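Reader: I'd like to walk through this one together, feature by feature. Could you give me the general idea each time, then the case at hand?

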Amino acid sequence: MSKVSMVLNGKTVSSDVEDRTLLVSFIRDVRGLTGTHVGCDTSQCGACVVHVDGKAVKACTMLAVQASGSDVVTLEGIGTATSLHPVQAAFREHHGLQCGFCTPGMIMSAVDMINRHGAGNLDEATIRDELEGNICRCTGYHNIVKAIKAASDQMAGMSQAAE
């Protein structure tokens with residue numbers, strides 16, 4: 001057993017876990033945050049994407065002990081029920097989800113993509129290329145791409161308005 005401590009969605013948490021506990025299991029089973037999904041257990045689908053120290057990570061490929069001391073953000077940490085993150089709002093507005101299983105990973109990947117490229121700096125080809133590690137079995141990706149582009153453009157407008 002190892003003691004794992006991290007900042008999870010802005011709150012310091014600590015738990016004793018088996019050394020083999022995956023980060024996704026720590027988030028879901030130990031901490032009770034079920035927004036992060038387990039799809040394939042082989043890092044192929046991207047449903048489990050979270051941010052670790054500001055970078056998108058497939059939580060099924062990382063041990064919880066490896067994330068100890070890190071700042072981890074899940075889908076529950078980027079918006080609230082009354083104040084959605086712009087990417088969450090764009091997915092809703094542009095019908096970027098169908099069954100919803102891949103949606104948490106898609107949204108977390110999109111936030112990372114916008115953070116890395118800069119708001120307003122994404123085109124369809126870049127978005128499609130960046131989503132290669134996320135699988136959706138329902139939508140055909142068109143509305144997901146449209147939602148990410150809209151969120152990126154909206155966030156650029158928000159940052160310009162703030163200046």
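Author: Let's begin with pairing: two strands pair if DSSP finds at least two bridges between them. Strands (E, at least two residues) and helices (H or I, at least four) are DSSP runs, numbered from the N terminus. With that in hand, V7 stands opposite D71 in β5. Before we go on, this is a predicted model, where local features need pLDDT of at least 70 and side-chain atom pairs count only at pLDDT 80 or more, while totals for chains, interfaces and linings use all residues. Residues are numbered from 1 along each chain as its sequence is written, and side-chain values use heavy atoms, with hydrogens and water left out.

Reader: In which sense do β1 and β5 pair, parallel or antiparallel?

Author: Parallel: β1 and β5, residues 71–73, are linked by two bridges.

Reader: Let's zoom out. How many helices and strands does the protein chain have?

Author: Six helices and five strands. Read from the N terminus, the order is β-β-α-β-β-α-β-α-α-α-α. The radius of gyration is 16 Å, close to the 15 Å that the globule rule gives for 163 residues, so the chain is as compact as a globular protein of that length. That radius is taken over C-alpha atoms, and the rule is 2.2 Å times the number of residues to the power 0.38. Along the principal axes, the C-alpha atoms fill a box of roughly 45 × 40 × 25 Å.

Reader: What share of the residues is buried?

Author: Buried means under 20% relative accessible area, exposed means over 50%, and partly exposed is in between (1.4 Å probe, protein chains only). By that cut-off, 41% of the 163 residues in the protein chain are buried. For a local case, take α3, residues 86–93: its buried residues are P86, V87, Q88, A90 and F91.

Reader: How much accessible surface does the protein chain have?

Author: Areas come from the Shrake-Rupley method with a 1.4 Å probe, and for residues only the protein chains shown count as cover. The total is about 8300 Å², with 48% belonging to carbon and sulfur atoms.

Reader: How do I read contacts here?

Author: A contact means heavy atoms within 4.5 Å. Among contacts between residues at least 6 apart in sequence, 57% join residues at least 24 apart.

Reader: Is I127 buried or exposed, and why?

Author: I127 counts as buried because its relative accessibility is 0%. This residue lies in α5, residues 124–130. Leaving aside neighbours within four places in sequence, I127 is in contact with M113, L122, V145, I148 and K149. I127 and I148 are 21 residues apart in sequence, yet 7.5 Å apart in space, C-alpha to C-alpha.

Reader: Which residues does D112 touch?

Author: Not counting residues up to four places away, D112 touches H51, G54, K55 and A56. D112 is found in α4 and is buried, with a relative accessible area of 8%. S109 is also in α4, residues 103–117. At 10% relative accessibility, S109 counts as buried, and with the sequence neighbours up to four places away set aside, S109 touches V49 and N134.

Reader: Why does V30 count as partly exposed?

Author: Because its relative accessibility is 37%. V30 lies in α1, residues 23–30. Beyond four places in sequence, V30 is in contact with S15, V17 and S25. V30 and D16 are 14 residues apart in sequence and 9.3 Å apart in space, C-alpha to C-alpha.
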